[in-house]
Structures are given as C-alpha cells and as structure tokens.
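Dear colleague,

I am passing on the structure we spoke about, together with some notes on its salt bridges and one of its pockets. Please have it open while you read.

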Amino acid sequence: MLSLRKTTFLILLFAFGILVSVIYCTSTLTLLPRFRDIEERHLQGDMERARSIPVQQSRVLNTLVRDWAWWDDTYQFITDKNEEFIESNLPPSTFHSSGLNLIGFYDTMGQVVWGAYLETGADSFSPIPWDFEDFVFSRVAPWGKRFTGKGFNGIAKMGDVVWILACEQILTSNEQGPHRGWLLMGRILETAALEGAAKNAHINLHVDIAKKRDDAQDQQSRIWRENGYINVRSVLHDINGVPALTLTLREPTDISRAGQGLVRLNFALISLASLVLGSLAMLLLQRRILGRISLLARQATKVASNPEEAYDIAIPGNDEITSLARDVNRMLQQTKEEERFLENMMQSLQVGVLLVSVENREIVEANPYACDMIGLPCGEIIGKMCHGFVCPNEQGACPVLDLNQPYDQRKRLLRTADGSEIPILKSVIPITRKGVPLLLETFVSIAEQEKTRQALEESENRYRTIFMNTGTASVIVNEDTTIALGNSEFYNMSGYSSEQIESGLSWTKCFHPDDVRWMMEYHAMRREDEHSVPKRYETRFINGKGETRNVELTVALFPGTKMSIASLLDITDRKQTEQELTHKAFYDENTGLPNQQLFRERLLHAMHSARRRKSLAGVLFLDIDDFHAVNEQHGFEAGNRVLKMVGERLQDSLRSNDTVGSLTKDEFAILTEVSSNTANITGLAHKVLELFDEAFDLDESPLYLTVCIGIAIYPLDGDTPESIMRNANLALFKAKTAGKGMVSLYTQDLNGQAMGQMQLKSDLHQALENDRLEVWYQPQVDLDSGEITGVEALVRWRKPDGTLAQPAEFLPFAEGTSLIRAIDLYVLEESCSQCAAWREAGHENIRLSVNLSAQPLTRGTLVGQVNEILDRTGLVPELLEIEITEQTLLEYTEAAVPIIRELSALGVGFTLDDFGTGPSSLFQLRELPLKKLKIDKAFTELLESDRAEGESLLSAIFSLAETLDVETVAKGVETARQLQSLRKLGCGHAQGFLFSPPIKAADLEKLLKSQPFAAS
C-alpha cells in the first residue's frame, strides 16, 4: 500500500501535468484560431473597403446626375429638345472636366432624346454603344422588366467594359414633377484606376474583368492560404446581378506566425511555474499536514490498544488537525456519557424492555416498567427463561432464534404473574453488547387501543350503512385516484360492477379526458389546502357503456386523511334545457344561424384576432331583393323555408372558420378573416352573388332570388363591432339604391349620405303625419275635341319653410323604403276624393290617373286597399286609371299581373306609362287588360329635333295601339308643332305644358269649367 506521502506526491504530479497539458491545448485550440480569425477579418475588411470604392464612385456620380436632372433647363430641354442646350452645356470639355464617357437623355417611354459617347482622351462624340439600348430600356421604360419608377446607380458590365452608371428622373429644380424623362451618365471603370485607388488606401488589390460564367457562383469572398500568404478573392456583381469584376487580395501571414510563437513561449513559462509550485506545495504539505497526521495516527493506535487507560490525544498547533485531536477526545467523553444515558433511559422508559441471552434464552436484564407489567420484582425476573414465563409461545417457536427472522414486530400476548395475558405491541431485534449477542425486546400495552379499535369498527359499520343508503351516487376516492368504495346508486349510474370497482378502478376513467386534467389539479390542490379549490363543480361523467352524462360533483376530504368523498348528481336534463335556452338566445329559430347578438360577439373576437395578427376582418350584409313578394305569393311558411335554404347554401359554400348570421327576417351577414388583401373580401361578395344564379326549389318550382351586399372592413371602416355593422348596413343601403344584385363597399361619404337620408326619411314621416303632402293635377286633353277628359294626380311636398319640393327631390329615396306605399295610398285617396267632388260639381266624365310604384303593386293587399278608398270617397271604379311604368311591369310581371287583372275586373283601368323605353313584347301587352299607352316624352321631344324620325316612330306606336285596341296619351307636349304632328298621326290624348303645368285642384276646376282648349 502506498504511503500518504507518496500518494500526495503522485497526485500533485498528475494534477500539474494535467494543468500544463490543458493550458497548452487550450492555447493551441483557442488562441491560434483567433489569430487566424483576426488575420482573415483584417483581410476581409480590406476586401470590403476595396468593394466599396466603385460604390462610392457611383454615389458621387449619382450626385452629379441629380444636379443635372433636377434643373429647370434640363426639364425644358426634354420638352422642346432645344439644340442650344446641348451646344452650350454639353461640349466635350464638360465630359473631360466631369470625368464622363457617356451622357444620355431619355423620354418617359425609354426612347433616346439625345445621347453621346466620348472615349477617354478623344475630342469628338460617338453614338451611345448599342449595348446600352436593352439595358436602359429595361429600367426606364414603363413596361421594362426591371422598371421600378425610380433612379438607379452602380456598376454595369457591357461586354468587356465595366461602367459606373447613374440615372435619375428629370424634374424641376425644386424636385417637382411630373417627370419628363430620364438622365443617364456613365464613366468607364479602369482596373488600373481601381487598383490605384485601393493602393492609396493601403490595400494590395488586383482587379480582373470577370469573364467566366462560373464566377457567378462565387457569391461570397473565398479565402485560402498558400506558401506563407493568405489570399481572398471576391466577385463584384453589377446592378443586374451579372459578375463584373474579380477582386483579389494577398498578404503575408505575419499575424498567425506571431501567434504561434506566443503560444510556445506561454507553454514554456507555465511548465517552469508548475514545477516550482509543485515543489513548494509538496514541502508545505509535508511540514503542515502529512507529518502531523502521522503523529495523530500513532496516538490513536495507542488509545485503541488500552481503552480503559485515561489518555489524551494532543497535536501541537492551532489548525484543523489540532481541532481534530480535540474532537477525538470529546468523542471519547461523549461515548462514556451516552452509555450512562442509555442506562438511565432504559430504567425510566414507560415501555417494557427485556434483554435476553441468545445463548441460553434467559432474561439478563429488565427495566422497572417491564417488571411492573409482569407483576414481579426485577430480581425474580432476571435469570428466568423467557418461554413459559413471560412469552406464551411454545418452545422452539421464537421468531428470531428459531424461525430465523431478522426481527419480529407484531401484536403479541404478555403473560403476567397471575397467569393473565395482556395484549401488547412487541418488537424483538438481535443486538450485541460488549461482544455478547442478545435479544432486545420492547413492548407496550395496547389494551386501551384494542377497546378503541372495536368502537371504531362499530362506528365504521354504522357510517358505511349510511353511506350505502344516501340515495345519491357517492364514492370514496383514495389519494392515488383509485375508488375505495361506491354505493349502489353509484353502481347504477356508472354501470360498473362491484368487482370492477374493487379491482382498483381509477376515478379518472369515469370522466371525460378533457375534464380529467383540471380535475387532477383540483385533486392535488385539495390535499394541500382544502379551501383552495371549489367543493362543487360541473363535469362530464362517462359510464361503463361509454355514454356521457353531465353531473354536479360535490367533493370533500375525510378529516385527517388524504381520502375524499364525492357525491354525483345527474344534471344532464337540466343542462340540455339550459343549452336549448342558450341556443334560442343566440341563434335564429328558423335558419339555425347565429343571431345578431352572437354575430356581434364573434365579430368582436375576430377584431381582437385581426389586431394581434395585423390582418383584416370583413363583414358582409346581405338583403334579399323584394323578399316580401315571396311571402305574399307563397305564404310566410314558404318564405321561412326559402330563408332556411338561403342560410344552408351560404354555409355550405363558405370556409369553416367564416360565420354566417341571420340578422333580421330577410337579412343575412357574413364574417370572414383574411390576411391583408381587401380583394379577397370583395371576391367573396361576388362569389355569394353567383350562389343566387341557381334557383331555389320551392314546392318543386324554381324560385330565383337576387341579393344586395354591403361590405365594411376592420380596421379600415371602424374600430368597434357597432361601427363596423353600422357601416356595413350603410353600404348595403347604397347597394340597394343602385339596383338589384349589387355590391357596395363602405366609404366615408356614406356617413354624410346616411345622415341626409335619415333626415329625409324623418321629414317625410312628419310630412305624412302633418298633411304637408299636396296633390296637384295636370290636365289630359282629347286631341279631337280639345276638351279636358282626364287629369293625372302628381304629388308635391310643402316643406315647413313654405317651399315646394318637386317629386325628383324625394320620390326616388322613398321608393327605396316603405314610405312609398304610404305616399302612393295618400295620393290615391286624396285624388279619388277630389275627383268625386268634381263629379258632384257636374264634371261627371273626368277620368283620374294615379301613378303607383312597384312596392304597393306587388303586394296582395292592394286590391282591398283600392276597394276601401273607392268606398270611402264614393268614386266609381270606371273613372280611376292606375299608371304603371313599362319597366315596373317587366320586373314584377309575375306578382303584378294577377293584381292588375283583379282590379280590372272591378272596373279600374290601367295605363302603361313611359311606353317605348322598355323591351315590352306584343305578346305581353296583349295578355294585359290595358286601356291606354302613355308615350314617353322622349318621342314627343323628337318631333322638335328630328320630326321625320319622330313621326315614323310614333306612327309605329299608334299602329300598335290600334292593334291592341287601346287609347294613346302623349306626354310632354310643349309646342304647337308637336301638337300638330300628334293630331296628324292620330294620337288620341295629350298632356304637357302647352296646355297646363301641374296645378292645384282649385285652379284645375277653373279649367274644367272654362274648357279653354275645346274647339269653338
């Protein structure tokens, strides 16, 4: 065995050897690469400086180009191409003084206006080399493949010549446009000049013109070492990305060689220092540690050989070894004190203690407590055999000595002096005391505990009975989540058998996997702090059949344990009822789509998401055109089915993350999220329009619908759900105003328009309520007799300030709202009442013409309303004529024709207004019960501008009217020439300013009395 001194020496030798080796390797692996890296970075820095020389020259040239390009004289020259500008400003001396070889002026289309090329040292100009044509055209022509609309500068390789070029837009001196063209200046880049510039910067540069195509692959600087030199090569590309110049630098590797010398010197110094330090350390260890430890070992050997002799271990000094000697002495004293302590403790313990000899199984020592329990003095117990005396076991049944158990610890019986037996908890373990093997037996009476245990068993049985019969599914769960016990209600709910439960079924198997995660967190937290988690919560229970039920779980810990009791209440029916109520609150009952409240919540969520992702959220409001006609023709139940089909078609055609909502009865909304392109949103709108090209199947009949769409986009058109939805609604209103099947994007001016329209709508409501609408009349004259045979009722609006609003100011707006129905019915009743009054005054044959818009004409209630008005006013139906425009008839033929026929059956006549402006067919006109054709005033005006063509067209119309057996009325008659032509062509009636403008009822009554147009 090596001595401590030799071991220490070898350890020091090994440690310093490792240290020196590590330092050398570290220096070699870290310092040398750093020196090489410094050397390479220095060379790369020189290369970057060399590469920047052409760039700096191109920037200087670009400054010169801007001075010329942004000059009013240059701006004027591009416009008028004045040769004096060239002669006075661009002689060869200008090229020489500026170091230029080329100047070119180009127009905005990339065509040369003027250009010249001056070779170095020459005194006369040459044309611009042809190489520049494609190069310049591709950058300044608007359709050029490299056109950016901005100037450029840099180097460009043309054949074997490398140029420094700069080009800028030609603007005025204050850099205003529009730009008139482009100014290009260039100078040839000589390799010798570039090498000279690098030399002035203390850079040893060699420059070659790049000629090989494989140079294009040399995108980064390449570094290599050879023959004691470090080299770097880099390819400089021109502004088209074409290799132009090959730059090479070469420098001696002085820095690397200096680093190698430094590492060797460092290694020698460290080796010498390690040798000196190792010797000093060994000498110090011998004097301060190794020698004194040897002395301590000798004294300890002496104490061990004579344990009974009093002897102190002492080491001179005042350090850790001295302290160790004092600690050894202290330990010897403590050992003796502990022996006395153990003896006293054995005598005073309230636990019975016996020491039994292994050799003869006699009791060799007993403490007073054991003697009291046995009921004999200690003197009578010591020396007795334990078997048959205090141990009731049979001879040869000792667990440790006979059965070879390492120890024994269990409930036993202790036989007392009077022969009775006491239940005890006994522990037996073999020990050695002063070299003698003994059995240490300790025991304590558990008579009281046994009584308590029996009482607890009785209590447990009572509580188990209560637990098993609570009427609520309940379980007891262990800390490891296994189910300890479940009652019959739990077995019925779960479908598990008692065998499955008792086999260690985990509580987590009974719940939905998504809920188990947070339930396990509750399970752990409850055992740390019962009040930190809720005692009652809802979760999803999975029974043995795999069915999921909603339950309310109530959990509590058993006091003083880690076990918990849980009761489960099945609330599936209640949850289903809640879900149904929630669905009714947030979904449209007919279509099943999100309603306005849920749509707003999803819009708010989409806005938050778009704000985080810096994307867009689009809202599209859809309104089905004239949907009221579907309800009126097919019934509300059929209308609801159509709305449901519309919702399904929208949902099936959109992305899964888009939302389709039902806002009102016939209005839908779409919410979509896109990256950043508004075209995606408008594209979606047109896709939705295409969905309605296909008919809907309503009771096995095709039904074609159109929709108008209004679009608002977050964050462009608002920052709250309310503002986005309001602006989408404004855009929808704009689309509906434009016609059917239209799409409109929200714009800022819609707010102003909306305010104006809201004000106009309010004013019209007040006008209807306050009788500020007036009915004026324009006479219709029989052209044969000249008598007034009819009047047309026209509405006017008397504003609160007394001014009179013409129909064009409010009727177009009213036609887009429900107000038009009220206005039409008001005019109808007022004019019928007035006509009845004229009839009573003696003007019995005056016929009344009233215009009706499309809205009331397509409603099934019109017939009853007309009947009621005729009854109230007393006007006979035969004197009433309803005028409808040709365009209205064509658009609403299916809805309007049955109403027209029903009113005609009552005696009411119909006039086709604005005839000639629409594509009505002869077949359609023959199918309608028309009495008159009112010819559009455009044909009447044609009689003034082109009489021959006007008479030809009107003649055809009158022939058609004769074929259809209907009367004709010409509108807009203002001159005698028009009247003459109409009489010649056989027109039956006419109206216009030639006879009278629209006038009040009292003024018209005067005309009826005087008949100023009748033939005398």
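Is Glu521 buried or exposed, or partly exposed, by its relative accessible area? Glu521 is partly exposed, at a relative accessible area of 40%, where buried means under 20%, exposed over 50% and partly exposed in between, with a 1.4 Å probe and protein chains only.

Before the details, please note that this is a predicted model, in which local features need pLDDT of at least 70 and side-chain atom pairs count only at pLDDT 80 or more, whereas totals for chains, interfaces and linings use all residues. Residues are numbered from 1 along each chain as its sequence is written, and side-chain values use heavy atoms, with hydrogens and water left out.

The protein chain has an average pLDDT (the predictor's confidence in each residue, from 0 to 100) of 83, and 92% of the residues score at least 70. Confidence is lowest in helix α28 (residues 922–926), with a mean of 68, and highest in strand β35 (residues 989–990), at 94; helices (H or I, at least four residues) and strands (E, at least two) are DSSP runs, numbered from the N terminus. Where pLDDT is low, the predicted coordinates should not be read in detail.

There are 30 salt bridges, each a side-chain nitrogen of Lys or Arg within 4 Å of a carboxyl oxygen of Asp or Glu. Glu521 pairs in this way with Arg517, their closest N and O atoms lying 3.7 Å apart, and both residues belong to helix α14 (residues 513–528), four residues apart, or about one turn of the helix. Arg517 is exposed, with a relative accessible area of 55%.

Asp699 forms a salt bridge with Arg641, with 2.6 Å between the closest N and O atoms. Since Asp699 lies in the loop between β23 (696–698) and β24 (701–703) and Arg641 in helix α18 (residues 636–653), the pair ties together parts that are 58 residues apart in sequence.

The second largest pocket holds about 500 Å³ of space. A pocket here is an open set of points on a 1 Å grid over the protein atoms alone, where a 1.4 Å probe fits, with protein on both sides within 12 Å along at least five of seven lines; lining residues have an atom within 4 Å of a point. The volume is the space filled by probe spheres set on the points, which are joined across faces, edges and corners. Its lining has 21 residues, of which Gln633, Leu703, Tyr704, Leu705 and Glu894 lie nearest the centre.

With best wishes
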